[in-house]
Protein chains: 2
Amino acid sequence: MDPALADYILENRRLVDDALDYYVPNVETEPRVLHEAMRYSLFAGGKRIRPILAIASAEIVGEDKTSVMPLAVALECVHTYSLIHDDLPSMDDDDLRRGKPTSHKMFGEAVAILAGDALVTLAFEILSSVELARVFPCHRILSVIRDIADACGSRGLIAGQVMDMTFEGKIADESVVERIILNKTAALIKTALTSGARLAGANCEQLDVFSKFGQKLGMVFQIKDDLLDLEGDPEKLGKAVKKDGTRGKATYPALYGADHSSKLMRKLLGEAKKLIEPLGQRAQTLCLLTEYVGQRIS
Amino acid sequence: MDPALADYILENRRLVDDALDYYVPNVETEPRVLHEAMRYSLFAGGKRIRPILAIASAEIVGEDKTSVMPLAVALECVHTYSLIHDDLPSMDDDDLRRGKPTSHKMFGEAVAILAGDALVTLAFEILSSVELARVFPCHRILSVIRDIADACGSRGLIAGQVMDMTFEGKIADESVVERIILNKTAALIKTALTSGARLAGANCEQLDVFSKFGQKLGMVFQIKDDLLDLEGDPEKLGKAVKKDGTRGKATYPALYGADHSSKLMRKLLGEAKKLIEPLGQRAQTLCLLTEYVGQRIS
């Protein structure tokens, strides 16, 4: 990884982790088991991609990173909630996530469901907190809440999860695979970028750039994820591999094979980078981050 | 029931139902099974108590009921999500709700979990919608979002559900039973009242009255619920009865028996009505509604 990017990621991960620790009730708060479960999944070694994207887009528009930290935390809460629920026995039934037992394996199904519920609710609590309203105009915050609720609602993230399950073992064409990825993964990645930019006061053209770029980056992210499931190292990934094939998941590698999917990913990656060229030198980190998303090994 | 109250409830239920139909994606919207499940539980014959309380408090403060309809819808979405998740096999494992199969019985566990997730998310989508921002100042709307997220978060509704499960079959004293009810039931009922009033521009004294009243009314509501489980007619209730005793749930009837619990409920009901006396004639409907909550047979 480019050393400048490595520094950027490291610094921001630390800030996001500190902010998460600040905003999420500690394990002494009742009900303890619930807050323990929320923190268990939040601090299980996530890459903090979505928070970092929100910080990066806010910085590009000219905002200080500390001001958007509540947004960064909210995005990670939403992301973690979606992972906990996706892993449940009635959904993807996964035992391992980032090398650790999944939430329902650790705390039982009821607490896992409720920890997910509590995390998505906490996201909206943080977004509507006075901290954020002290720094940004209320109408901007409301737009961000709307964007995030949209992205993770029944026509976004949740639609993606339903489609993902519905098409298991069925024949899916490219348009189905694309729609699953756009909803399941790209929607929140795109919204991380646009909401960071929106809070920072981005204009319509800037928002449009972040939106289109985020959609491409989300596609790249998911295709890489699916390639890692096919060819990755389970040790480094911290989870079992080759699950998608066994389950008959609708993915690009299942549709076109690894080589073609890899080429498609590179093509989308190039298009994504081209989209942020007009942002100039300030978008250099985002460019490096895009490369990293396509090259990562976990 | 008092005929004026019956009219009021009937009229508002109709308005809330129409608004729900407007705000919730129709069953033609993909993924169809998800939207079908959301609508199935939303239109399963709920009493719309929380929406009606929000409307009533807004009207008392001087606001038109149509303006607060998005809030009314959001509250019903949150309430319905909590019921769907509470009924799940890993939680209370209920087969019937309002005389119909529960969501997971109809749609399977995965879709039931996701329908709940989608409903709580939709609540925040509606609260942050432009419809509401066109009528009310953004800072007021943000406060309402914060109140609702608080009420249904890990220190509110979800805390109540965790405690409710944790104390099943265990010895619980009055303070535990009270805390369970305050979180599980009273928090959202209180917030329905305060958020309606807050949107309408209530002052601190008014908000304080609604908050205290809502807490008492929530207690009354839950004790009546527990009494109905003990003594109610399963036909009229649309669900099995005497479940709490079998499961060893921590309730007032379990702690003190039906007679004493009934007396306690009447006492709280009297205190609740006394709290809204300062609001004068305008609070007459709320007074009648309080009586109804304590006398209902379903």
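**Exercise 1.** Determine where Arg48(A) lies, and whether Arg48(A) is buried or exposed.

*Solution.* Step 1: Arg48(A) lies in the loop between H2 and helix H3 (49-61) of chain A, where helices (H or I, at least four residues) and strands (E, at least two) are DSSP runs numbered from the N terminus. The model is predicted: local features need pLDDT of at least 70 and side-chain atom pairs count only at pLDDT 80 or more, while totals for chains, interfaces and linings use all residues. Residues are numbered from 1 along each chain as its sequence is written, and chains are lettered from A and ligands numbered from 1 in the order in which they are written.

Step 1: The phi of Arg48(A) is positive, about 60°, although the residue is not a glycine.

Step 2: A residue is buried if 20 or more other C-beta atoms, placed from the backbone, lie within 10 Å of its own, exposed if 12 or fewer, and partly exposed in between. Arg48(A) has 21 C-beta neighbours inside 10 Å and therefore counts as buried.

Step 3: In chain B, Arg48(B) lies in the loop between H2 and helix H3 (49-61). Its phi is also positive, at about 60°, and Arg48(B) is buried because 21 other C-beta atoms lie within 10 Å.

**Exercise 2.** Which residue does a cis peptide bond join to Glu30(A), and which to Glu30(B)?

*Solution.* Step 1: In chain A the partner is Pro31(A), with omega about -5°. Pro31(A) is placed in the loop between helix H1 (3-23) and helix H2 (32-42).

Step 1: In chain B the partner is Pro31(B), with omega about -10°; Pro31(B) is in the loop between H1 and H2 of that chain.

**Exercise 3.** Describe the surroundings of Leu5(B).

*Solution.* Step 1: Leu5(B) belongs to helix H1 (residues 3-23) of chain B.

Step 1: Because Leu5(B) has 17 C-beta neighbours inside 10 Å, it counts as partly exposed.

Step 2: Beyond neighbours within four places in sequence, Leu5(B) is in contact (C-beta atoms, placed from the backbone, within 7 Å) with Thr285(B), Leu288(B), Leu289(B) and Tyr292(B).

Step 3: Leu289(B) is 284 residues away along the chain, yet the two C-alpha atoms are separated by 7.0 Å.

Technical notes. Contact = placed C-beta atoms within 7 Å.
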